[in-house]
Amino acid sequence: MAHILAQKQLRSIILSNVIRSPTPINDEMAHQLYVLQVLTFNLLEDRMMTKMDPQDQAQRDIIFELRRIAFDVECEPNSSGSIEKRKSMYTRDYKKLGFINHVNPAVDFTQIPPGMLALDNMLYFARHHQDAYIRIVLENSSREDKHECPFGRSSIELTKMLCEILKVGELPSENCLDFHPMFFTHDRSFEEFFCISIQLLNKTWKEMRATSEDFNKVMQVVREQIMRALTLKPNSLDQFKSRLQNLSYTEILKIRQSERMNQEDFQSRPILELREKIQPEIMELIKQQRLNRLCEGTCFRKISSRRRQDKFWYCRLSPNHKVLHYGDLEESPQGEVPHDSLQDKLPVADIKAVITGKDCPHMKEKGALKQNKEVLELAFSVLYESDEYLNFVAPDKHEYCVWTDGLNALLGKEMTSDYTKSDMDTLLSMEMKLRLLDLENIQIPEAPPPIPKEPSNYDFVYDCN
């Protein structure tokens, strides 16, 4: 049946008229495509469960072909050189190719799965992606022994992993809709999938600076990279390849760290209680930082109805947090302006409220122009006495957040800016990580441990010596 489907080129017809059709694919069609995908990959089961026969010359010739392509050598006739010399040469080359058994690599393919399927993949890669194959083999044969990525062993384990990911040999599920468009874009999609993945494995090996002891760790990372790229449902093998480019080892570490912070342990009751306990300390720290910034002061532009805005004024909080000192300047200052040079004062005790945005008196006359909208987002006013205002336009969003937070903190109100939320998330996350560092890989109980019973008497003493 598969042969008939291939002859009629039904794969390309399905790809162009169903998968890439402008009409969305309904659930029934998605299920049928999934079933076809599973049955197509199940055709590989026979090769996956076939052991290599070390005595079969045709199968051994495939290994000779891998050696010939990699090292561009002609098969030596039996007459040339001694048998021992040829054997040692073969052993050296098979070691460079990364086989576990250097003397007789055929033994490596007796493990099922992946059996002969691994050798098929290696030969396909060597013939259809010859440059990449030669580069990988020669690159690793020139490295130190402990840092080389063994091509043979990697290919065998990778083929086994890909069969597990694609569930080769398992029957299709009755309700599953999980088909991958990229597997319908090539007649030899499994082999192409392998070729992309083996190059990824070699790249990840280098990024991890792995040694032979790290082989299983590398395979775990590669599995995660492939699974994450497949989850995004790429439309073609090229798109799959480009997605993998964005999933480097460094990126995988970042994703793992992010997920670890969001996992169940961090949502459990003891952890949430710890967060609540730490939060006031962090908020106090942010408050102190804001007030310290207000004590340093900021230079503001004078608000004028004219286009020219080249006059400045400076405002800063006194060290005891009781008075706002402000005054006009001739030009923008290079550093802090001392308190005594600022003539005007506003006691913090007289401040009634902090007003922001379009409610500010100096913003009510402004029009709806784009530049005025930008100014509107940076405007705030301080109301004191009954109807007196001190009007500000912050130089940027950062200063706007610092000043509105600081003034609200002086009035005993909540600091609500985006900057405060960002600081709170960052500092709280760091503090939680530090406090939970000793609990790595330890299960945190949901309920506190029971309090033990009281002793029958208290006639005991602790001897410090």
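Predicted model: local features only at pLDDT ≥ 70, side-chain atom pairs only at ≥ 80, totals over all residues.
Residues are numbered from 1 along each chain as its sequence is written, and side-chain values use heavy atoms, with hydrogens and water left out.

View A. Asp93 belongs to helix α6 (residues 83–96) and Arg67 to helix α5 (residues 57–71), so the pair ties together parts that are 26 residues apart in sequence. Helices (H or I, at least four residues) and strands (E, at least two) are DSSP runs, numbered from the N terminus. Both Asp93 and Arg67 are buried, where buried means under 20% relative accessible area, exposed over 50% and partly exposed in between (1.4 Å probe, protein chains only). Asp93 also forms a salt bridge with Arg92, the closest N and O atoms being 3.3 Å apart; Asp93 has a relative accessible area of 3%, whereas Arg92 is partly exposed at 45%.

View B. Lys206 and Glu139 form a salt bridge whose closest N and O atoms are 3.2 Å apart. This pair links distant parts of the chain, with Lys206 in helix α10 (residues 189–207) and Glu139 in helix α8, 67 residues apart. Lys206 is partly exposed, with a relative accessible area of 39%, and Glu139 is partly exposed as well, at 25%.

**View C. The crossing of helices α7 and α8.** The axes of α7 (residues 116–128) and α8 (residues 130–141) come within 5 Å and cross at roughly 110°. Axes are lines fitted to C-alpha atoms, for helices over the stretch in contact, and angles run from 0 to 180 degrees between N-to-C directions. The two helices are therefore roughly perpendicular to each other, a description that covers angles of 65 to 115 degrees, while those under 35 count as roughly parallel, those over 145 as roughly antiparallel and the rest as oblique. Phe125, Ala126, Arg127 and His128 in α7 meet Gln130, Ala132, Tyr133 and Ile136 in α8, contact meaning heavy atoms within 4.5 Å.

**View D. The open sheet and strand β2.** Four strands form an open sheet in the order β1-β2-β3-β4, with antiparallel pairing, and two strands pair if DSSP finds at least two bridges between them. The edge strands are β1 and β4 (344–347), each of which pairs on one side only. Strand β1 (residues 298–301) is joined to β2 by 4 bridges, and β2 pairs with strand β3 (residues 323–329) over 6 bridges. In strand β2 (residues 312–317), 6 of the 6 residues are buried, so this strand is largely enclosed by the rest of the structure. Phe312, Tyr314 and Arg316 point one way from β2, and Trp313, Cys315 and Leu317 the other way. In a regular strand the side chains alternate between the two faces of the sheet.

Definitions and conventions. Salt bridge = Lys/Arg side-chain N within 4 Å of Asp/Glu carboxyl O.
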